[in-house]
Amino acid sequence: MELTGDGKGLVANAGVVLLCKTADAVGLTERIGEVFGPGRVERICRGAVLVGAASAIAAGARNLSQVERMLAHHTGTFGACGSDSTLWRTLDSVDERVLKRLSRARARSRRTLWRMLAARPGGFPWLQVGGKRLDGWVVVDLDATIVGCHSRKQNATGTYKGGFGHHHLGGWIANTGEALSILPRPGNAGSNTATDHVTVLGEVLAQIPDEGRHSKLPVRIDGAGASHDTIGHLERLSTTRRRVAWTIGWTVTKLEETAIKALPEHVWAPYLDQDGTIAPPIHYGEAHDETGSEYGHVAELTGLAKRPGWPAAMRLIVRRVPIAPRDRAAGKVTALEKATGWKYAITATNIARMQGIPGSGHPQWLDVLHRHHAVVEDHVRASKTTGLGLLPSASWRINTAWVLLTGIARDLDIWTRLLAFNDHPLLAKAEPATMRELVYHLPARLAHHARRKWLRFNRNHPHTHAIATAWHRLQALPAVT
């Protein structure tokens, strides 16, 4: 074997062209370009700069210099996207006014995408929760996450977990995994700050297309959302055109424990799995009920734990499950839990029933609905592996724009899978690392023939056919008007 340096037409990370093609197909590149207007000295479209950077972040770039190096291979595919200095100046120009205009551009492109999803075979991805299909319901999950810092950065402070960094709050769509809004916050920001929850909810609702089939919105928050201001705001969001339901984690206090003690044993219903069946039994070396046949139980607590000042229609659903040995060893059990052998958790909700979903008002199913909120942890983790987990600058302004850019990057990855790989058994729901390994990081050869460009992937790669099919699907999408 001989090694030479005379190869030509080679493109590293060639699969990134799919991400840029998706952005063009839904009109995002053009709309971002309109926000900034024509370039000045560089004569480079700022829409292409940000979309190219977002595509590189989706493919694994973690800072501005990595974005530049990844995009340097694509000058011959989708054009020049500028240097890391160009990207830095673009991010530095993003003030509050530009942030709002960029959010509107994202919302318009999301409306285009959702119409494309509704028109594809299989339609919009409605959720399946507790054995029921939530047709017409777009589920919103709010959650906070800590982003650690290893150097001094603006607004980086100590966190409640004993670390150092920032404490962001975001809103995700459970149906698709899209990151609709991520609010950058200092590390000492509170978990249950109502004003931040209200801000994120407003940005999330602005991103959801205002159409009849997207007007029913369940909002799910963990215990951080159990405040008068947050719940009061959620109650006021419902209009004649929009129905907002909510489920929120609730703290178990002495009042709730007294109410739990008052529950007759016959009111406890079996705990359900996400497929709607009774959960299989679990034992930690001892029986936790008379039969030992069920995982746990659910009951209605509404009316027994009365607190003034909360919405009259609010319901409390209590769940009990066997105490795990690790919780017992760590002392994370109350006197009531020690006495009964059960671990208790409560969900607050305003749902009497969900329109079009039989049995949706039953405590068993409402408990399943709120437990499904755990999928937000997957969305947070995917966002943190797509740029959010490492802020690249000491400047708060640059990092705020970077957070927005990571949201666009996460959207492009999801949109590409939804539009181009929706029927692929592996890639349709692939993790970011899998998409990078099997699609985005693949090399190809750029050739010119018959006055056209040809990007040639390895014919022996197992997913080359899927990538070619994905490209043709994106090309066949209708033009954005």
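Residues are numbered from 1 along each chain as its sequence is written, and side-chain values use heavy atoms, leaving out hydrogens and water.

Let's start with confidence. The chain averages a pLDDT (the predictor's confidence in each residue, from 0 to 100) of 90, and 95% of the residues score at least 70. Over residues 286–293, though, pLDDT stays under 50. Where pLDDT is low, the predicted coordinates should not be read in detail.

Now the build. The chain has 16 helices and 15 strands (DSSP runs numbered from the N terminus: H or I of at least four residues for helices, E of at least two for strands). Its C-alpha trace spans about 80 × 50 × 45 Å along the principal axes.

Next, two helices that pack together, with their axes (lines fitted to C-alpha atoms over the stretch in contact) 9 Å apart. The angle between them (on a scale from 0 to 180 degrees between N-to-C directions) is about 160°. That makes H2 roughly antiparallel to H6 (the cut-off is over 145 degrees).

Who meets whom (heavy atoms within 4.5 Å)?

| Helix | Residues in helix | Among the contacting residues |
|---|---|---|
| H2 | residues 28–36 | Leu-28, Ile-32, Phe-36 |
| H6 | residues 96–119 | Val-98, Leu-102, Thr-112 |

Definitions and conventions. Parallel < 35°, antiparallel > 145°, perpendicular 65-115°, else oblique. Contact = heavy atoms within 4.5 Å.
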